[in-house]
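Visitor: Before we start, could you take me through this model slowly, and tell me each time what the wording rests on?

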Amino acid sequence: MRELIWLIPLIPLLSSVTLMLSSGKFPRLLIGLLGVGSVGSAALLTLALGLDFMANPEVLQLTLWTWMQVGSFAPGVAFYFDGLTLVMMSVITGVGFLIHLFSTEFMEDDVSYARYFAYLNMFVAAMLVLVMADNLLLLYLGWEGVGVCSYLLVGFWYQNSANGQAARKAFIVTRIGDTAMALGLLLLFTELGTLNIQSMVGAANESWQVGDTLPLIACLLLLGGAVGKSAQLPLHTWLPDAMAGPTPVSALIHAATMVTAGVYLIARTHGLFLLAPTAMLVVAIIGITTSLIAAFTALMQSDIKRILAYSTISQIGYMFLALGVGAWTAGIFHLMTHAFFKALLFLGSGAIIHCLHHEHNIFKMGGLRSKMPVTFWSFMIGSAALAALPMTSGFFSKDQILLEAYQFPDIGPWLWFAGLCGALLTAMYSFRLVFVVFFGQVKTKPDKDTGWRMALPLSVLCGLSLVGGYFIIPVESVFPMSTGTHPAHWVEYVSISVPLVGLLLAYLIFQSGQLRVDGLVNSAIGKIMRQFWLSGWGIDWLYERLFVRPYYAFASLLKAEPVDAVYGLVVTFNEALNGWLSQSQTGRMRWYITSMVAGLVVLVAVALQLSPEAI
Amino acid sequence: MIMVNLILILLVGGLLAMISERFGKNVPRIVALGIVLIDLVYLLSQLSGMSDLTQLQAPIPSDPGTWLMHFKAEWIPAFGISLELALDGISLLMVTLTLVLGAIAVSASWTDIKIRRGFFEANLLWTLAGVLGVFMALDLFLFFLFWEVMLIPMYFMIAIWGHENRGYAAMKFFIFTQVSGLLMLISILALVSVNQSATGQWSFSYFDLLGTPMSEKVAHWLMLGFFIAFVVKLPAFPFHTWLPDAHTQAPTAGSVILAGILLKTGAYGLIRFAVPLFPEAAMDFSYVAMALGAAGIIYGAILAFGQTDFKRLIAYSSVSHMGFVLLGVYAWNELALQGAVMQMVAHGFSTAALFMIAGALQERLHTRELREMGGLWQHMPRMGAVAMFFVLASLGLPGLGNFVAEFLVLLGLFQVDPWMTAVAALGLIAGAVYSLMLMQRSFHGEPNPKLTEMGLVDFGTREMITMVVMMLALIGLGIYPQPLLDMAQPVLQSLLEVTP
């Protein structure tokens with residue numbers, strides 16, 4: 001049974017290729033069946049595999065063929081399956097299946113129905129390869145593959161150039177990280193002689209000491225790839241723009257799966273990161289900083305999808321924090337619960353956008369509680385989990401991260417405190433969204449409610465967001481054991497109560513209006529800060545001036561091809577010579593005779609000078 | 001004799017194609033396609049009789065007996081000039097690539113060429129014959145002859161059937177190649193005379209000239225003569241400026257042959273002659289060559305981004321991609337060399353396909369100007385999807401041949417110079433920038449209302465077949481490149497043993 005693991009990525013891949021070859025000639029029902037069915041069967045196979053694994057937790061390594069072999073460089077098209085792989089595969093195929101089902105209703109009126117499912121299936125296949133790869137080169141194939149699918153889906157509605165702009169930005173910004181990662185691969189192979197993850201980590205532990213420079217460089221290069229894909233500082237700017245794609249795409253790629261690839265990469269190579277404590281510290285600091293910056297930005301946005309996008313950046317920041325402090329299990333656990341509740345929130349927003357004539361502005365929504373009950377409850381549950389209110393799935397995972405962060409040596413309490421500030425902000429922005437959209441006056445009337453193909457995935461994800469915290473992920477043999485100590489009880493109490501305070505603040509400000517913040521917002525400093533946070537801390541502005549415009553200017557400067565000008569000089573010189581010499585061809589006999597005589601005189605004079613004795 | 005036949009079929013076939021125009025305007029293209037396919041089938045049938053090609057023995061460079069095929073006939077014995085042809089794994093790869101892309105080029109010229117079709121196809125076939133000669137000749141005089149033979153019909157193709165600025169482009173192409181070829185001729189003659197003074201024998205044979213003893217200074221100068229001829233052809237920065245003009249102005253089939261095959265003769269020359277004939281000098285020079293390669297990658301990518309002419313953009317992308325070949329050759333280890341050879345093949349397909357798309361667009365829109373395109377996917381979804389595929393191949397998407405090539409080059413280079421590798425890797429980012437911009441400006445974006453009225457026709461069956469062949473080739477190279485690697489491996493192995 002387990003040897004058939006290769007079928008899991010292959011089925012969506014084949015479905016994708018079939019849909020591409022169909023040139024849109026299949027009936028919609030068939031397209032839907034192929035698109036949803038392929039991911040559904042992958043999910044079922046994953047389930048069967050998972051049950052098998054639970055009964056007999058044995059790691060599987062399966063080589064299909066040697067991809068290429070040059071000397072000792074011989075990466076295989078080979079899979080590695082352990083508890084971590086299982087968690088990732090379950091999220092990808094399970095949540096992926098629900099989102100595919102949701103898409104059949106969301107995209108039902110789109111002319112490019114087949115193209116949509118072709119890309120989406122391709123994405124699932126590539127993402128599966130990414131998490132199943134047993135070596136970093138195959139992982140890189142999946143890594144670039146999901147990047148391309150993300151590019152294609154963000155720019156899915158290609159007739160609008162703004163979408164193309166967003167798609168390109170997503171691809172190019174992540175490619176900057178990917179290139180760093182590729183260099184990391186080169187370094188790891190050159191130093192350790194293999195790209196197979198398990199043997200590479202083994203070799204690293206044999207030839208490197210904790211704190212050496214080489215593992216630090218290698219980890220930082222891999223981290224470059226991770227921050228690009230997972231939208232962390234300084235490469236996070238592409239994710240908010242990537243919301244230009246269809247909303248189910250944002251749910252699948254830009255919330256539940258692809259953006260967590262960086263977290264997966266670091267978790268998968270944790271044996272390497274343990275050799276580079278400095279790199280882990282950098283991971284933690286990047287995580288917490290990103291988390292805070294994105295949370296502030298989310299609080300200011302009015303586009304429902306941008307709120308969720310910044311929230312995703314912020315939550316992945318928590319995962320990075322977890323990885324940085326060595327809370328591997330907590331990080332992966334948060335990855336899973338986040339996939340549930342963030343997919344739920346995105347699909348919920350998709351339902352609103354679908355039923356509200358593509359409205360994105362939350363201030364033009366309102367009072368949707370009674371009109372769209374399923375969506376309302378989805379948002380209630382999703383936001384509660386996002387804010388980590390007690391007993392929801394997000395609570396269990398985030399709480400664990402904060403407690404482990406607190407115990408990190410030296411700066412642990414600071415990381416914990418910063419994490420708490422983030423948690424407070426998270427509760428505020430998520431319930432701001434709920435209060436503004438679902439309570440108060442009805443501002444735009446929905447023209448329909450969700451059908452079953454939307455309601456069913458929402459309901460299942462609601463369930464998962466509630467009970468997901470009780471799942472036990474089978475990664476105890478993958479990661480080193482945590483210390484198991486607990487911080488003082490007050491730390492735990494504070495961690496639990498902060499989100500509740502955030503909820504209360506959001507209620508007082510955005511619902512009951514008892515807490516007036518107008519004065520603060522409209523003060524001079526308030527306005528500047530608001531604008532600053534709204535723009536995402538001016539980072540896009542900065543990059544535009546630092547990189548984009550200079551590159552354009554440089555390219556247009558070089559367009560005239562300065563190198564050719566050098567060859568042009570040769571041409572000019574020859575033409576000048578030609579012009580000068582052709583002047584001697586006047587066609588007048590007098591001139592010719594004169595110059596011949598003059599030449600003769602010169603020649604005789606030269607001859608006399610050279611050999612006077614000849615005379 | 002097989003090798004001579006391969007060339008003769010094309011030479012005579014060219015004459016036939018020219019004559020066949022009397023029987024109808026469309027006959028020459030059928031004749032030409034038939035000739036190239038016959039040549040290809042002939043090659044494959046001869047190979048199938050041989051032992052398993054993936055289990056090749058390492059040919060010893062100085063011993064023709066160990067090569068896959070060897071042919072030698074006297075020509076001008078007084079100067080030691082002979083008709084000497086030989087084939088090893090690398091030349092076999094290049095010969096096969098030439099014939100496959102040759103057939104594709106004929107397909108590209110199917111409806112593109114309106115006047116003097118017979119003469120056009122003849123030039124096409126003669127260029128191919130010259131290229132085959134270059135890839136197989138191992139007598140340096142004969143090699144130089146073929147080097148010139150492939151140039152002249154190519155010049156005609158650009159000068160007669162090219163676009164608006166064809167005269168200038170053809171002349172520029174000719175002069176660049178001619179001048180650099182002259183330097184090579186001088187080097188060849190000097191090398192032969194150095195060899196003669198050492199051995200007392202006149203010989204132009206590669207096998208005799210290998211390991212010619214000479215002073216360090218002489219070796220440097222002679223190496224430079226070869227080097228310049230080859231990097232002009234490759235082309236490497238800063239000798240590349242003929243290429244954007246020639247590629248842009250050539251008819252589609254000409255661009256396909258130029259980019260797909262002709263550029264590779266430069267790379268082949270470096271691997272076959274410039275390094276093995278002067279191993280020490282070449283190794284001393286390697287940092288300069290690699291720096292030129294890295295500079296070419298970045299410079300080509302930035303200039304490609306600045307272009308608004310579809311074909312010109314692809315032409316500059318070739319400069320960028322050929323930088324990887326130069327890097328791979330001068331990093332001179334197995335990984336990098338395999339990458340360079342792989343890049344020669346993969347780039348041959350990806351660029352040929354992009355030029356064909358450019359040609360198809362020009363035929364339909366009568367412009368190559370990207371600013372006048374936009375939203376073409378809506379009118380021609382098949383062409384759009386195919387273009388997307390090759391754009392992704394060209395930006396190095398894993399799973400396609402170009403990625404394997406570029407990754408191997410970088411991997412080999414990293415062992416020689418990590419910093420240079422980091423610079424070259426920037427090309428991966430810049431490559432994505434211009435590639436996606438090309439896609440945005442042509443097939444994505446708002447549909448141009450003027451184009452909607454033109455009633456654009458999507459790719460037809462003939463075009464799709466051509467494209468699918470190349471797509472399958474790139475996918476094959478991308479996920480299972482081993483047969484190619486195995487074919488090149490013994491040759492590279494023995495070449496590596498030549499250098500200190």
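Predicted model: local features only at pLDDT ≥ 70, side-chain atom pairs only at ≥ 80, totals over all residues.

Visitor: How far apart are Val571(A) and Glu144(A) in sequence and in space?

Guide: In sequence 427 residues separate Val571(A) from Glu144(A), and in space the two are 46 Å apart, taken from C-alpha to C-alpha.

Visitor: What makes His358(A) count as buried or exposed?

Guide: His358(A) has 8 C-beta neighbours inside 10 Å, and because 12 or fewer is the condition for exposed, His358(A) counts as exposed. His358(A) also has a positive phi, of about 60°, without being a glycine, and its place is the loop between helix H15 (328-355) and helix H16 (368-371) of chain A.

Visitor: Which peptide bonds in chain B are described as cis?

Guide: Among them are the bond from Leu234(B) to Pro235(B), with omega near -10°, and the bond from Phe237(B) to Pro238(B), with omega near 0°. Pro235(B) lies in the loop between helix H9 (216-233) and helix H10 (242-249) of chain B, and Pro238(B) is likewise found in the loop between H9 and H10 of chain B.

Visitor: What makes strand E2 (residues 76-81) of chain A largely enclosed?

Guide: Five of the six residues of E2(A) are buried, and therefore E2(A) is largely enclosed by the rest of the structure.

Visitor: How do you know that strand E1 (residues 60-66) of chain A and E2(A) pair?

Guide: Pairing requires at least two bridges between the strands, and E1(A) and E2(A) are joined over six bridges, in the antiparallel sense. As one example of the arrangement, Leu62(A) stands opposite Phe79(A) in E2(A).

Visitor: Where around the axis of helix H7 (residues 197-207) of chain A do its buried residues lie?

Guide: The buried residues of H7(A) are Ile197(A), Met200(A), Val201(A) and Ala204(A). They cover an arc of only 95° around the axis, so they lie on the same side of H7(A). What covers these buried residues includes E2, helix H5 (136-154) and helix H6 (161-192) of chain A.

Visitor: Why does the radius of gyration of chain B agree with that of a compact globule?

Guide: For 500 residues a compact globule would have a radius of gyration near 23 Å, and chain B has 22 Å, so the two values agree. The C-alpha trace of chain B spans about 75 × 60 × 45 Å along its principal axes, and buried residues make up 63% of the chain. Its secondary structure comes to 22 helices and two strands.

Visitor: What are the corresponding values for chain A?

Guide: Chain A has 26 helices and two strands, its C-alpha trace spans about 120 × 60 × 60 Å along the principal axes, and 53% of its 615 residues count as buried.

Visitor: How many residues of each chain are in contact with the other?

Guide: Contact is found between 41 residues of chain B and 38 residues of chain A. On the chain B side, H19(B) gives the most, with nine residues, and the residues on that side divide into 26 nonpolar, twelve polar and three charged.

Visitor: Which residues have the most contacts inside the largest nonpolar core?

Guide: They are Ala343(A), Val256(B), Leu326(B) and Val329(B), in a core of 420 residues. H15(B) gives the most to this core, with 19 residues.

Notes:
Residues numbered from 1 in each chain as written. Chains lettered and ligands numbered in written order. Contact = placed C-beta atoms within 7 Å. Helix = DSSP H or I, 4+ residues; strand = E, 2+ residues; numbered from the N terminus. Nonpolar A, V, L, I, M, F, W, Y, C, P; charged D, E, K, R; others polar. Buried ≥ 20, exposed ≤ 12 C-beta atoms within 10 Å, placed from the backbone. Arc of directions from axis to C-beta. Core = buried A, V, L, I, M, F, W, Y, C linked by C-beta atoms within 7 Å. Rg over C-alpha atoms; globule rule 2.2 N^0.38 Å.
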